Amino acid sequence: MTPSPLASTAAAIVLAAGKGTRMKSARHKVLHRVAGRTMLWHVLTALRDAGIPVERTCIVVGDGAEQVRSEVQEEHAGVPYAFVLQERQGGTGHAVLAARAAVPTDAATTVVAYADAPLLQASTIQRLLAQHEADDAAGHPVTLVTGTLEDPQDLGRIVRGADRTVREIVEQRDATSEQRAIREVNSGFCAFRTSWMWDELPRVQPARNGEIYLTALTEQAVRAGLGVGALVIDEITDAIGVNTRAQLAEAEAVMRGRIARRLMSDGVTLQDPATTYVDAGVSVGPDSVVYANTHLRGRTVIGRDCEIGPNALVRDSAVADRCRIVASVLDGADLEEDVSVGPFAHLRPGTRCGRAVQVGTGSEIKGSTLGAGSRMHHFGYLGDATVGADVNVGAGAVTCNFDGALKHATRIGDGAFIGSGTLLVAPVEVGAGALTGAGAVVTKDVAQGERVAGVPARPLARGTTDRQTARKDREDGDDARPTA
């Protein structure tokens, strides 16, 4: 989206100070997640995408201030958002007044947004800026964002005069029965002529509960004969705050629908969009197919022509072109081209798979690198291992990397063959082209090209098979078979 030229000189105040008691949560309301990101993240991203510079955006915090500040700094690392503390809950107008020192003095327009409105879109912000420019030129210092709802519930009603101009905003609790029948509601999202706003806000009288409300500026503009502008949008719910868990779930469904439509318009096939869960910020390349009940989370990037799912969970992972992931979990893994994973594999943080690696049923890998063409087809564990190219890891092979206190590394050279049931007791190295027999317990390094078998593993004589070594172990009393 092309940023609005009007936005570059505007300022934004994001209100994030409320307690959000209806969420019944120890977590601050605006930090609850929609499509994997906090509600506040969505609002800040929409403002940025609309073209309002981050250095001209301030966030008003109050209850849970440090929690909010910490989350923003984590989600937007290095971004210079200004934070303003509203020391007491004195209403929306009081919160905006608290931000006065943080708003650039050259800002002709100030947009006020609410941090609990995750469905707010950059296009709506751009439309508001354009509408406010026209309203301001006509002498109207306030532009509201309004829309109609069949069930307005507790939202403020927009009262218009006979000429259809906005006369006032009446809150549900103060409305007459006639006013409660009005279906046009105030979203709370709005824009002001900055200089007028700073002049008028200090003059607003507190409401009966002692709080100063931003909506009172509408009445003051009308009383002064200046008038109030309004941008009427079709999807008013996009600009309305989330206050309950039920509304959070509704916002999640809307956001997932948006993401699904964007992916499909970009050339991605979703077998069943209703059971595809993709976080905001996830990237999927064209001609990829995402099957049912697949979750793509965090900072995941999927390349072109991939097949993901069904029943896959991929989090914070980079998956290159032409990969296939079936019924498996990837968490912090990097896959190069043509990698196959699953079913029922688990790739944990730090896993790196080179080109054309195959990871099969019941395999678990953590903090390990597999070179190009290596295979781990079923039932094994690699932890803290570096595996070369074209290595075969047999069924049931395990790296014993943890001694109860420290993690130790295993190194396996190119072209090695790790027999089924091999235990590699780290730290240990298996050289290029080496072989371990089935059931071997490798406690010492294996030289390049060497063949070992037994418990503990010993070198095989030239031409000797691991079965012959096992027979000799039994004759010597070193039976490797488990006892009852």
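## A walk along the chain

Residues 24 or more positions apart supply 43% of the contacts in the chain with a separation of 6 or more, contact meaning heavy atoms within 4.5 Å. Before you click further, note that this is a predicted model, in which local features need pLDDT of at least 70, side-chain atom pairs count only at pLDDT 80 or more, and totals for chains, interfaces and linings use all residues. Residues are numbered from 1 along each chain as its sequence is written, and side-chain values use heavy atoms, with hydrogens and water left out.

**Start with the whole chain.** Colour by secondary structure and you will find 9 helices and 40 strands; these are DSSP runs numbered from the N terminus, with helices being H or I of at least four residues and strands E of at least two. The radius of gyration is 31 Å, well over the 23 Å that the globule rule gives for 484 residues, so the chain is more spread out than a compact globule. That radius is taken over C-alpha atoms, and the rule is 2.2 Å times the number of residues to the power 0.38. Along the principal axes, the C-alpha atoms fill a box of roughly 105 × 45 × 40 Å. Of the 484 residues, 49% count as buried, that is, under 20% relative accessible area with a 1.4 Å probe, protein chains only.

**Next, select aspartate 116.** You will land in the loop between β6 (109-114) and α4 (122-137). Aspartate 116 is buried, at 10% relative accessible area. Show its surroundings: beyond neighbours within four places in sequence, aspartate 116 is in contact with Lys29, Val30, Met39, Ile240, Gly241, Val242 and Asn243.

**Move on to α4.** Its 16 residues reach 23 Å from first C-alpha to last, close to the 22 Å expected at 1.5 Å a residue, where the expected span is 1.5 Å times one less than the number of residues. Buried residues of α4 include Ile125, Leu128, Leu129 and His132. An α-helix has 3.6 residues a turn, so residues three or four places apart point the same way. To see what covers the buried residues of α4, display, among others, α1 (39-50), β7 (142-148) and β10 (184-193). After α4 comes glycine 139, with a positive phi near 95°.

**Finish at valine 391.** Which loop holds valine 391? Look between β30 (385-387) and β31 (392-393). Valine 391 counts as buried, with 0% relative accessibility. Its contacts beyond four places in sequence include Ser374, Arg375, Ile412 and Ile418.

Methods:
Buried < 20%, exposed > 50% of the residue type's maximum accessible area, 1.4 Å probe, protein only.
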